[in-house]
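Here are my notes on this model, point by point. Please read them with the coordinates open.

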Amino acid sequence: MSSCSATAIALLLSLNSALANTISPVETFHAGLIDMMKSSNYEQRLELLRPVVKQTFDTSTVARIALGRQWRKLPDIVQQQLTELMAEVIISSYASRFPIYTRQHFEIRSEQAVSDNRAIVRTNLLTGDDTVDLDYQLIESEDQWKIFDVVANGVSDLSLKRATYAETFKASGIEGVIEEIQQTIQANRTRADL
Amino acid sequence: MYQTLLIRWTRFVTARPVTVLLIVALVTLASGYFAVSRFSINSDTGKLIRQDTAWKATYNDFQNTYPQYANNTFVVISGAKMADVRAVSRRLEELLRADTDTFEMVYAPENDVFLEDHALLFLSVDDLDTLVSNLADAQPVLTAIARDPGLRGLFTLFDDALGADEPLPPGMAGIFRLLADNIHQTLSGHPSPVAWRDEMLNRDSDVDFYSVIFVQGAQNFGISLPNARIIGTIRDTISSLEMPQKDLVSVRLSGQIPLDHGEIESAMNSAQLAGSIAAVVLLGILVFGVGSLRVIIATYLAMIIGLICTAAYATLAVGQYNTISIIFLVMFIGLGVDFAIHISLRYQEELRDRSKQDAIETTTRDLGPAISLCGITSAIGFLAFVPTEYIGLAELGIISGGGMIIAVIVSLTVIPAFFTLVKDPVLPRKRLLVANISLLMLEYRHLIVAVTLGVALLALFISRNAYFDYSTLSLKDQNSEAMTTFRELQDQDVITDFVISYVAASEADAAQTKARLMTLDTVSEVKIPRDYVPVDQEEKRFILEDAQIMLASTFYQEKTPDRSSADSDRLRDQAISQLAASLEDFARQSTEDSELSDAVAALLTELLQLANQDTHTKTQFEQNVIQPMQDELNWLNKAINVKTFTFEDFPATFRHRLIAPGGEQLVTVTPGDDIIPVAAMRSFADEVQSVVDNATGRPIVELGIGQIVLSAFGQAISVAVVLILLVLILALRSVVDSILVLIPLAITTLVTFATSVLVDLPLNMANVVVVPLIFGLGVDNGIHVVERFRESKDLTALVRSSTPRAVFLSTLTTLGTFGALSFSTHQGIYSIGVLLTCALTALLFLTLISLPALLAVFSPYRVGQPTSE
């Protein structure tokens, strides 16, 4: 056999292993969600989910894309603050929206490479009487695949953030954006009805 | 001696009037046939000026290097929705392109696939960033349609959004409104595709979107197709277009070819309209002023015969009319009758105490030389432009000069022959009011002279603000489609025509020239080919990457299985009633967002109606929603994934409009200020030309043409004044009287300039003809008045004579016909009409009131006059 086909096989294997790495953050996140759903205390839910999101989400990418071109003009300290806030808004959204655990479970449906550092993992959330399509977008940086977008029944969370914050930024600048994120976090706390 | 000749001619005519009139009739018929069958108007308005100047050579060089820009027709498609405009533009371009017999070049930058695919890179960084945010806004819709390409996919998304306890995503109201409007159109029988891109790009639909197709006619064995054929074919193609979007956009024609074509049409229509008005006005004046049917018939007959012969002579002498010379046919109606009026009225007067034959001969003897002299001076006024570079007016001069001579000959032939045959006209009984005024005014001659002087000074004061309008466009019908569209394209910055172009030999030359031009005060922008490549492409690629990331859910899809048509019908109907239910639920909740609640209510109403329609209507609506969205998705997928590019990547058609096949690079210089005012235009052109002397463009061409027109104008006035003064001195044998005759004319000229200031009708390429005409035509009345002033044995005789009446009437007929010109749509003809009307009115007063007073005060012949004291 030529070395050519050997290289090809090696490449295929590495691609497969790369994709295999995309599934694990999604599975970790799902496991975290199930754990969280078993709790009915909002504060406890946040505590349970925070390390999982921090581990599996690339919240700086979320913040960067959500802010658009303005991102790069922001000082490091503000970027840092926004990255933190983005994590909190994600955590509080899941904590407030996901119901108490009643044997819901996740299924990995498929995975697809989009580019050499991006991939999509498609999953279903089965709640007994309903199925929600949950598609994750992942990005690889520093040899680690992390989630940066969750598409629920075709609606991209990242796009929603971009649409919202870009408009706010235009109207009231970065302070407005920070205020709006903080309000969302607060609203999530208020709506958490467990 | 000339008198003897005239009397011999009159005797010859009166001896055999029937034969003479028959011959005249035959000549007239032949002339009429010749004139009508050979009638044509020169369509190239550029040929109105002699072509051997430096700026013209540069302009020709430019056209040889970039033939694409010459003789274009712009097919301008515009409308509120970009999607509709593009759809119509694209189809129209296809159809025009297919007609290779008629069109050589058909090019629409907006439809260029390469430019469209790379469209996002042409946006500014900020705009692109906003656009990507808008795409984020539209992501759910885009993904829904990609996932399930039918109403179900889209409507399920809406159901979810409406049912969620979250606020609706921003932009939802807009989409609901769009769909409601589309259903409404479908139900009212005008189904058309949804303009998704406008919604996606968040385009402000108050601002029209433009797409211009540049069209050049084919060359037929080296000869350009007639403008009428090019325009006709384009119009036919437009009307053959059957698209639902056609009713939503406007398709108009502009550019050089329609402008030229329109100018000729408006000149033709103007001449016809003014001619008809003039003929009627003339009849009215004659009825009012003459009161004798035979005199009216005689005058009219002479005018018509003269007109037809002049038309034939014009075709023979210059071949083609141009848009200015055509007006002489109208002017002739007023001018040609003047001689006939003078002869007829004098004849009528002579009949008081003479026999028919004697009266005719006396009229010829006394009036013939004056009439001939008037013909010559008028001809000089018209011919004044002949030696100049201004071919357009030179041709008018040749036609009119000849026309005046023809009018003299016809008057001296037809009128005697006519009166020999008919019964004598009734004698004039009443004295016209004007005669009384003359009598009264003569008493106050010193006062009149003083007032006249005052008027002259005032006119001089006002006319110092008179200016020349250099724009060749200002001659055209300002309300024609071609003109209004042309101005709109300028106003909207779609096509800027007031730029200067320079052809650089190389890229280095272009860049250096640009650097030097940018230092000029009057220059705001200089574009070289390289500038057409978008800047900051790398940064834009990063921004587009955001879009790629956010829309990955749209473009990376698991395929939904194909469905049978029965299935899709059922799913669609379900989706419609489901969405109606969701909207109804939503409407029950209170929302503060009135825009949203209105949109929800509107969509609900329309959906409920749609639900009751047949399958065909519903399928049609579904297609109109989904198909354009899929087209947009395909475009978007390409547009957000484009690679950066360089000038060489542009398609050849686009490149060659900037870099000619020989490597010459187009440099376009845009002025900083509005350069419609001549001073601004001149300093812009001068500054640019100080850097590059072989630049061209509308500012330089217009200044060049204007220069020629102005110097022609100066030349023509000098020629007219000098020649007329010479003729006057020879004829009147008195330098003082000759100068006295010229004074009212000079004052009239000042009054005309003052009028041009007061009514804001600047001098232009067409109406400069007015000033030499004032001298040529005005001097006629002066000659009549002076001759009669000297002939009269006493003042009462002068005032009671037919002369004031004839002067008054003939000026009135001229006034009436020239006034008719001011009903023209052609702005050049219109301005000639208005200015000449004012000039002749002034002339009437100055000749009938000021000139007798001047003569009474200064003329060496005044000694023989009994004073009125």
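1. Helices here are DSSP runs of H or I with at least four residues, numbered from the N terminus. On that basis Ala508(B) belongs to helix H19 of chain B, residues 507-517. The model is a predicted one.

2. Confidence in chain A comes next. The mean pLDDT of chain A is 87. A pLDDT of 70 or more is reached by 89% of its residues. One stretch needs care: over residues 11-15 of chain A, pLDDT stays under 50. For residues 11-15 of chain A the model has zero contacts beyond four places in sequence. Where pLDDT is low, the predicted coordinates should not be read in detail.

3. The make-up of chain A is five helices and five strands. Read from the N terminus, the order is α-α-α-α-β-β-β-β-β-α. Chain A has 194 residues, and 35% of them count as buried. Take the contacts in chain A with a separation of 6 or more: 56% come from residues 24 or more positions apart.

4. Which strands of chain A form a hairpin? They are E1(A) and E2(A), with two residues between them. E1(A) covers residues 105-115 and E2(A) covers residues 118-126. Nine bridges pair them in the antiparallel sense. Within this pairing, Gln112(A) has Ile120(A) in E2(A) as its bridge partner.

5. Chain B has an open sheet of four strands, in the order E2-E3-E1-E6, with antiparallel pairing. Its edge strands are E2 (103-107) and E6 (249-254) of chain B, each pairing on one side only. From one strand to the next, the twist averages 20 degrees. E2(B) is joined to E3(B), residues 209-217, by four bridges. Opposite Phe103(B) stands Gly217(B) in E3(B).

6. Two helices of chain B deserve a look against this sheet. Helix H10 of chain B, residues 227-240, lies across E1, E3 and E6 of chain B. H10(B) runs at about 25 degrees to E1(B). Helix H18 of chain B, residues 481-491, packs on the sheet and touches E1 and E6 of chain B. The directions of H18(B) and E6(B) make about 105 degrees.

7. Check the bend in helix H14 of chain B, residues 356-383. H14(B) bends by about 45 degrees at Leu367(B). A proline, Pro369(B), follows within four residues. Why is H14(B) largely enclosed by the rest of the structure? Because 20 of its 28 residues are buried.

8. The largest nonpolar core has 177 residues. Ile327(B), Val330(B), Val770(B) and Ala839(B) have the most contacts inside it. Helix H32 of chain B, residues 827-858, gives this core its largest share, 20 residues. Leaving aside neighbours within four places in sequence, Val770(B) touches Thr752(B), Ile832(B), Leu835(B), Leu836(B) and Ala839(B). A second, separate core has 127 residues, among them Ala66(A), Met86(A), Ile120(A) and Ala87(B).

Terms used
Residues numbered from 1 in each chain as written. Chains lettered and ligands numbered in written order. Predicted model: local features only at pLDDT ≥ 70, side-chain atom pairs only at ≥ 80, totals over all residues. Bend = angle between axes of the 7 residues up to and from the residue. Buried ≥ 20, exposed ≤ 12 C-beta atoms within 10 Å, placed from the backbone. Core = buried A, V, L, I, M, F, W, Y, C linked by C-beta atoms within 7 Å. Contact = placed C-beta atoms within 7 Å. pLDDT = per-residue confidence, 0-100. Pairing = 2+ DSSP bridges. Axes fitted to C-alpha atoms, helices over the stretch in contact; angles between N-to-C directions.
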